[in-house]
Amino acid sequence: MNIKSPRIRIAPSLLSADFGRLKEEIARVEAGGADLLHLDVMDGHFVPNISFGFPVIEKIRGYSKLYFDTHVMITDPLKYAEAFIKAGSNNYTFHIEATNEPQRVIELVRKLGCDVGISLNPTTPANTLDPILSDIDLVLVMSVWPGFGGQKFIEDVLPKAEQIRSKLRQNQRLEMDGGIDSRTAVRAVRAGVDTLVAGSAIFNAPDSVAAMNEIRSAAQAHYRQGASR
Ligand code: DX5
Ligand code: ZN
């Protein structure tokens with residue numbers, strides 16, 4: 001299928017950065033052309049891991065101009081939305097599996113002037129989103145089970161991404177998260193993804209900017225190819 005987004009966006013995930021040197025790690029990818037900064041919040045309940053919360057986001061907001069793409073893997077996205085938005089998130093992406101009232105979360109996030117995204121676990125079907133799809137800015141398709149960086153890309157989610165892309169408007173983003181490197185990025189982009197989240201492939205590489213550029217050029221090359229068909 002043709003890729004509808006005009007260009008690929010790269011969102012380094014801070015989860016794999018050196019937490020003792022966050023300022024330098026962010027400055028490097030920001031200067032190197034990252035489009036967004038992906039912030040993975042884990043509460044130890046929705047996922048079996050704990051990462052960081054809004055005090056960290058508030059601090060790093062002070063030294064980065066990047067768009068903060070906050071992905072909350074927490075059991076109560078309604079309760080904490082305001083804190084994450086006030087801390088400086090530009091986008092609040094929560095899991096559809098975490099709430100029975102996604103519309104309430106969406107309304108609150110909008111009221112607070114923030115973009116809103118919905119994330120789906122690997123086995124959650126695309127049609128779960130049907131009642132709310134027109135009300136959100138982006139869909140985040142998980143290509144690993146959330147909770148940890150460095151897992152293997154789950155290919156089975158690709159048809160779901162294609163299905164979602166076909167239902168989205170031009171200005172709604174489709175993001176993929178988990179196991180993205182320069183090889184899997186091409187698969188994702190072919191399925192209609194326009195925003196690629198990558199943690200370990202960027203921050204565990206000897207040169208994070210070179211790794212980011214490698215992912216971008218692999219994905220973008222496919223985009224040009226797809227667009228010319
Ligand atoms: C996983 C997180 C991801 C994670 C991706 O729960 O949502 O954003 O950082 O890490 P990699 O790119 O290493 O799979
Ligand atoms: Zn994430």
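Biologist: Let's start with a serine. Where is Ser51 found?
Modeller: Ser51 sits in the loop between strand 2 (36–42) and helix 2 (54–61). Bear in mind that this is a predicted model.

Biologist: Is Ser51 buried or exposed?
Modeller: Ser51 has a relative accessible area of 19%. The limit for buried is under 20%, so Ser51 counts as buried.

Biologist: And what does the side chain of Ser51 reach on the backbone of Asp40?
Modeller: It reaches the backbone oxygen of Asp40, at 2.6 Å. The Ser51 side chain also reaches the backbone nitrogen of Met42, at 2.9 Å.

Biologist: Which residues is Ser51 in contact with, leaving aside neighbours within four places in sequence?
Modeller: Those are Leu15, Asp40, Val41 and Met42.

Biologist: Why is the arrangement around the zinc ion (ligand 2) called octahedral?
Modeller: The six donor atoms subtend angles of 69 to 167° at the zinc ion (ligand 2), which makes the arrangement octahedral. For six donors, that label asks for opposite donors over 155 degrees apart and all others between 65 and 115. As a reference, ideal angles for six octahedral donors are 90 or 180 degrees.

Biologist: Are His38 and Asp40 buried or exposed?
Modeller: Both His38 and Asp40 are buried.

Biologist: What about ligand 1? How many residues surround it?
Modeller: There are 20 residues around ligand 1, and the closest are Asp40, Gly150, Asp177, Gly199 and Ser200. Asp40 and Asp177 also coordinate the zinc ion (ligand 2).

Biologist: Which atom of Ser200 is 2.5 Å from an oxygen atom of ligand 1?
Modeller: An N or O atom in the Ser200 side chain. Backbone atoms take part too: a polar backbone atom of Gly199 is 2.7 Å from an oxygen atom of ligand 1. For Gly147, a backbone N or O atom lies 2.7 Å from an oxygen atom of ligand 1.

Biologist: Changing topic to helices. Which residues of helix 4 are buried?
Modeller: In helix 4 (residues 102–111), the buried ones are Pro102, Val105, Ile106, Leu108 and Val109. They cover an arc of only 165° around the axis, which puts them on the same side of helix 4. The general idea is that an α-helix has 3.6 residues a turn, so residues three or four places apart point the same way.

Biologist: What do the buried residues of helix 4 pack against?
Modeller: They pack against helix 3 (77–86), strand 4 (91–95) and strand 5 (115–120). After helix 4 comes Gly113, with a positive phi near 80°.

Biologist: Now helix 6. What happens at its start?
Modeller: There, a side-chain oxygen of Asp181 comes to within 2.9 Å of the backbone nitrogen of Arg183. Just after helix 6, Gly192 has a positive phi of about 105°.

Biologist: And which residues of helix 6 are buried?
Modeller: Across residues 182–190, Thr184, Ala185, Val186, Ala188 and Val189 are buried. Ala188 has a relative accessible area of 0%.

Biologist: What does Ala188 touch, not counting residues up to four places away in sequence?
Modeller: Ala188 touches Leu158, Met176, Ile180, Val193 and Leu196. Take Met176: it is 12 residues from Ala188 in sequence, and their C-alpha atoms are 7.1 Å apart.

Biologist: Quick check on another loop. Where does Thr124 lie?
Modeller: Thr124 lies in the loop between strand 5 and strand 6 (138–142). With 12% relative accessibility, Thr124 counts as buried. Its contacts, not counting residues up to four places away in sequence, are Ile96, Glu97 and Lys160.

Biologist: Last one: is Pro206 buried or exposed?
Modeller: Pro206 is exposed, with a relative accessible area of 91%. You'll find Pro206 in the loop between helix 7 (200–203) and helix 8 (208–228).

How values were computed. Residues are numbered from 1 along each chain as its sequence is written. Chains are lettered from A and ligands numbered from 1 in the order in which they are written. This is a predicted model: local features need pLDDT of at least 70, side-chain atom pairs count only at pLDDT 80 or more; totals for chains, interfaces and linings use all residues. Side-chain values use heavy atoms; hydrogens and water are left out. Buried means under 20% relative accessible area, exposed over 50%, partly exposed in between (1.4 Å probe, protein chains only). Helices (H or I, at least four residues) and strands (E, at least two) are DSSP runs, numbered from the N terminus. The arc is that of the directions from the helix axis to the C-beta atoms. Contact means heavy atoms within 4.5 Å. Donors are N, O and S atoms within 2.8 Å of the metal (3.2 Å for Na, K and Ca); water is not among the atoms, so sites may look incomplete. Four donors count as tetrahedral if all angles lie between 85 and 135 degrees; four count as square planar and six as octahedral if opposite donors are over 155 degrees apart and all others between 65 and 115; anything else is irregular. A residue is near a molecule or strand if one of its heavy atoms lies within 4 Å of it. A polar contact is a pair of N or O atoms within 3.5 Å; within protein, one must be able to donate a hydrogen and the other to accept it, and residues adjacent in sequence count only if both atoms are side-chain atoms.
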